[in-house]
Amino acid sequence: MASVTIGLSVCVACALSGCAVGSMAPYPVPVVLPPGPPISFSGPGVSDTPSATALPRHVQPPPYIPTYPDADTELVPFIGVVENLFFHPVVAYPQVAFNGNEKTRGIDENMVTVSEFNKMLQSIYENGYILVSWNDVWSEHTDPRGEKRMQRNELLLPEGKKPIVLNFDDVNYYEYMLETGFTHKLILGGDGEIWSWGIDPRGKEVISQDLDAITILDKFVKEHPDFSMNGVKGCINLTGYEGILGYRTQTSKDNNSSAFEARRQNEIEAVKPVIARLKQTGWYFASHTWGHIDLGRAPIESVMQDASRWENEVASLVGPTMIFVYPFGARLDGADVSRTGPALKYMQSLGFRVFASVGRESFSKMKTDISAVMCDRMHADGTTLRTSRKNYLKFYDAEQVFDHARPDYGTTW
Ligand SMILES: [Zn+2]
């Protein structure tokens with residue numbers, strides 16, 4: 001049975017910021033440089049925050065060569081549930097996020113802190129899980145009637161390992177997050193690797209690999225190669241209304257000036273090498289709609305317009321994807337996964353095949369009438385840390401990982 005989606009409480013923080021595209025604050029350089037050849041901040045296409053285009057052209061990112069499983073690792077077919085767990089961007093500076101600002105409550109509900117994320121990864125790893133990709137779990141085949149349908153692939157895994165898909169919603173670095181204790185963007189460092197860039201609570205620029213979920217997972221897999229099947233990391237679920245990955249690549253209905261467009265083109269050029277490096281190193285992308293719209297309520301015309309905008313402004317940069325992640329966990333055409341309504345049909349016709357909501361378990365159901373999979377993801381966040389300890393014990397113990405820098409809102413354990 002489909003588990004109940006937790007609806008509007010999920011991910012509401014992502015949508016709180018509105019669409020203030022006019023407030024793209026410039027940040028000064030220079031910055032604290034990561035190891036590797038020095039970054040030069042001159043040349044065409046350089047945006048006013050450090051970015052990949054600032055790399056000297058001769059610097060090539062190092063090759064990404066997964067070492068696990070190796071030829072000696074015995075692989076056996078896995079029978080059972082492929083777990084599915086999602087995060088939002090992690091809180092880099094709890095003292096800012098939880099200082100009582102107007103977003104504190106939403107951040108507490110929807111996010112985990114860096115300290116919690118580190119402990120969660122360690123525990124998920126120690127519990128025998130191994131990262132797999134949605135793209136390896138599901139594929140489309142032609143059935144005996146000649147109809148295309150989705151199927152679950154046979155997963156061959158090292159004996160004793162259990163598969164898990166990790167995914168990360170709203171890796172957009174929304175405007176409100178720049179003031180509430182998060183990193184500001186992903187960049188390529190002088191070493192060709194992904195780093196986060198941001199401003200610490202003292203106003204100092206920081207380039208780090210220890211403050212952002214993406215770079216923390218990169219480092220974790222580097223240190224624990226047997227946590228990842230063939231170097232897979234996770235799925236990055238993107239909206240587009242405030243750009244992607246910290247780059248303001250979105251169009252604006254209120255601003256069609258040439259200066260705005262020139263700035264936007266700079267941002268587009270700047271994010272491309274970041275996307276390329278993420279894809280090279282085991283990351284992949286999904287649509288989370290352009291406007292973080294509530295698909296449970298949006299009329300189909302809005303769904304279509306939004307899809308077109310995502311296609312133009314996000315898919316044009318990250319490439320096609322078969323994965324569609326519902327904002328607020330709200331399913332197209334309502335909560336009944338056995339129903340195939342017009343909006344689901346439309347999105348499926350655009351190439352989406354995996355439709356992911358939010359639930360109490362890693363539920364999945366193959367549709368029989370069209371080629372699509374409906375699934376639920378479990379949510380690693382403050383809400384479940386406080387109230388669903390038991391349900392998440394297979395991954396981690398909330399009591400062990402809970403960050404006491406959080407506000408005193410209480411727990412059920
Ligand atoms: Zn979201």
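Author: A residue is buried if 20 or more other C-beta atoms lie within 10 Å of its own, exposed if 12 or fewer, and partly exposed in between, with C-beta atoms placed from the backbone. This is a predicted model, in which local features need pLDDT of at least 70 and side-chain atom pairs count only at pLDDT 80 or more, while totals for chains, interfaces and linings use all residues. Residues are numbered from 1 along each chain as its sequence is written.

Reader: Why is aspartate 333 called partly exposed?

Author: Aspartate 333 has 19 other C-beta atoms within 10 Å, so the residue counts as partly exposed. Its phi is positive, about 65 degrees, although aspartate 333 is not a glycine.

Reader: Why does phenylalanine 328 count as buried?

Author: Phenylalanine 328 has 23 C-beta neighbours inside 10 Å and therefore counts as buried. This residue also has a positive phi, of about 60 degrees, without being a glycine. Phenylalanine 328 is located in the loop between β13 (323–325) and α9 (342–349); helices (H or I, at least four residues) and strands (E, at least two) are DSSP runs, numbered from the N terminus. Aspartate 333 likewise lies in the loop between β13 and α9.

Reader: What makes the span of α4 close to the expected one?

Author: The expected span is 1.5 Å times one less than the number of residues. Helix α4 (residues 114–126) has 13 residues and reaches 18 Å from its first C-alpha to its last, close to the 18 Å expected.

Reader: How do you know that the buried residues of α4 line one face of the helix?

Author: The buried residues are Val114, Glu116, Phe117, Met120, Leu121 and Ile124. Seen down the axis of α4, they fall within an arc of 150 degrees (the arc of the directions from the helix axis to the C-beta atoms), so they line one face. An α-helix has 3.6 residues a turn, so residues three or four places apart point the same way.

Reader: Against which elements do the buried residues of α4 pack?

Author: They pack against β3 (129–131), β7 (162–169), α6 (213–223) and α11 (398–401); contact requires C-beta atoms, placed from the backbone, within 7 Å.

Definitions and conventions
Two residues are in contact if their C-beta atoms, placed from the backbone, lie within 7 Å.
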